[in-house]
Amino acid sequence: MRCVVGRFERQERIRPPILGPNEKYEWNVDGVMKDGALAASNACEEELNPDVNVNTCTAHMGVLWIDRHKSLLRDPLNETIIREDFESFKNIQFAEASDRTFDLMLQKWTIVLNENALATAFSVAWRGVSCTRAAVNKLAVVPGGLPSDNNGEEGKKVGQKRWQGWQKKAMVGYIPDVADYLQAVSRSDKEFGGKMNKAVNCCKFYSEVYKLAKQPISSLTVSFNYEAYQSETSSRARSASASTPKFPSGTFIITATRVIKNLHEKHKIRLLPEFIQAISGASTTRAGPRATGSSKSANTWLKQFIDMACQPVTFLLGESMDFDSAIDWMTSFYIFTPITADAYLEHLYVRLCSTGLSIIPLQDIKALGTSGLMSCSCKRWLHYAWCHHSAADAFRKNILVAFPRNMDPKVSRKHQVGRPVKAKPGGARTLPDEEPRLKKRRK
Ligand SMILES: [Zn+2]
């Protein structure tokens, strides 16, 4: 298929519109999500400017491709590892690190798993192809937040045909109609979708948020103000990168739960100041995330992560860096960035209201500036534009004040399903602060 926006017949190239003397036509493309077909890549290369953000569907690149190439596996047991590796690769938090992480992943498949045939075929098919969620999210106002990383929208072709009234229109009429349709169904970062995804709007999610918000030692409390750290390191003139802050004012580095658990279990660390010291002090650099070689062993975990965040490719080129170490580092800390763009806040606010969460007025959130709602670089945020870190942080800041009534983790749901055994007629199950709604008995 030569065309980027397909018409209903395959193999048909969309020709430029024929314009009348007074007609003007301009089509600006910011980003494209395409399937795995080589023709689609060729079309994008030929028809679009090089600065357009072109990404490939990860379902075609990962799940479907591996399904079709299982016969290349030397050991069938390696299939699970390969699928997990691809899932980790897809969720890396730095878009700039995509190519280097791709190389490290293939290195692991070749050297550690000894799956040369599969690694070679994968490399031939996908090297240089952009697909990670961080790369897809490059167009977002703040890091993260474009919840579409596959071309599932293609499944809406029927809707598109219906929108067109089942008519095949000429180019000039067709493109504006498609643009209207895409606007209507778009899940883009600027417009968001209308509702919060169920994965971040369910009992399990709110239970996680509730625990995280009230824990004295958690990802949110073992966190570091990037600006303060930067000015401190600049004053000590420790590194050249310290003088060029990469993240906006109000950004925090939060520690992954896995690292906190690891410190607690292996090193018996119990108090918050000790956790802070262990991560930001040089004395315990060998514990937790994998050490990155003797030259960096004197650096703190925090410094090593910030070095990676500022210059991911250089960091990943380190001698002892393998794929597992790279993923380990990239999932040990997350970048927590304030959401200050009005358009972004407004759409996030609408989505939050649609869940039933009680939230303070929008103007109050805007007035908070860099101390308000935060975006995260974790896997969940990259996928759903909302995560347990951001939600728990909003509860701690009293931006969110109550959970949805039917999913409140503070209310025991153990005995709330079905009618109580000894219920009186009309005594329907009610929440604690709700008056029973008594029905009138029929006489
Ligand atoms: Zn997060």
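This briefing covers one packed helix pair and one sheet with the helix lying across it. The model is predicted, so local features need pLDDT of at least 70 and side-chain atom pairs count only at pLDDT 80 or more, while totals for chains, interfaces and linings use all residues. Residues are numbered from 1 along each chain as its sequence is written. Helices (H or I, at least four residues) and strands (E, at least two) are DSSP runs, numbered from the N terminus.

**Helices H4 and H5**
- Helix H4 (residues 98-112) packs with helix H5 (residues 116-126) at an angle of about 160 degrees, their axes lying 8 Å apart; axes are lines fitted to C-alpha atoms, for helices over the stretch in contact, and angles run from 0 to 180 degrees between N-to-C directions.
- That angle makes H4 roughly antiparallel to H5, a term used for angles over 145 degrees.
- H4 contributes Leu 106, Trp 109 and Thr 110 to the contact, and H5 contributes Asn 116, Leu 118, Ala 119, Phe 122 and Ser 123, where contact means that C-beta atoms, placed from the backbone, lie within 7 Å.

- Four strands form an open sheet in the order S3-S4-S5-S7 with antiparallel pairing, two strands being paired if DSSP finds at least two bridges between them.
- Strand S3 (223-225) and strand S7 (374-375) are the edge strands, each pairing on one side only.
- Strand S5 (residues 333-338) is joined to S7 by 2 bridges, the two running antiparallel, and Pro 338 stands opposite Met 374 in S7.
- Helix H13 (residues 301-310) lies across S3, strand S4 (252-255) and S5, and runs at about 120 degrees to S4.

Notes:
Angles under 35 degrees count as roughly parallel, over 145 as roughly antiparallel, 65 to 115 as roughly perpendicular and the rest as oblique. Two residues are in contact if their C-beta atoms, placed from the backbone, lie within 7 Å.
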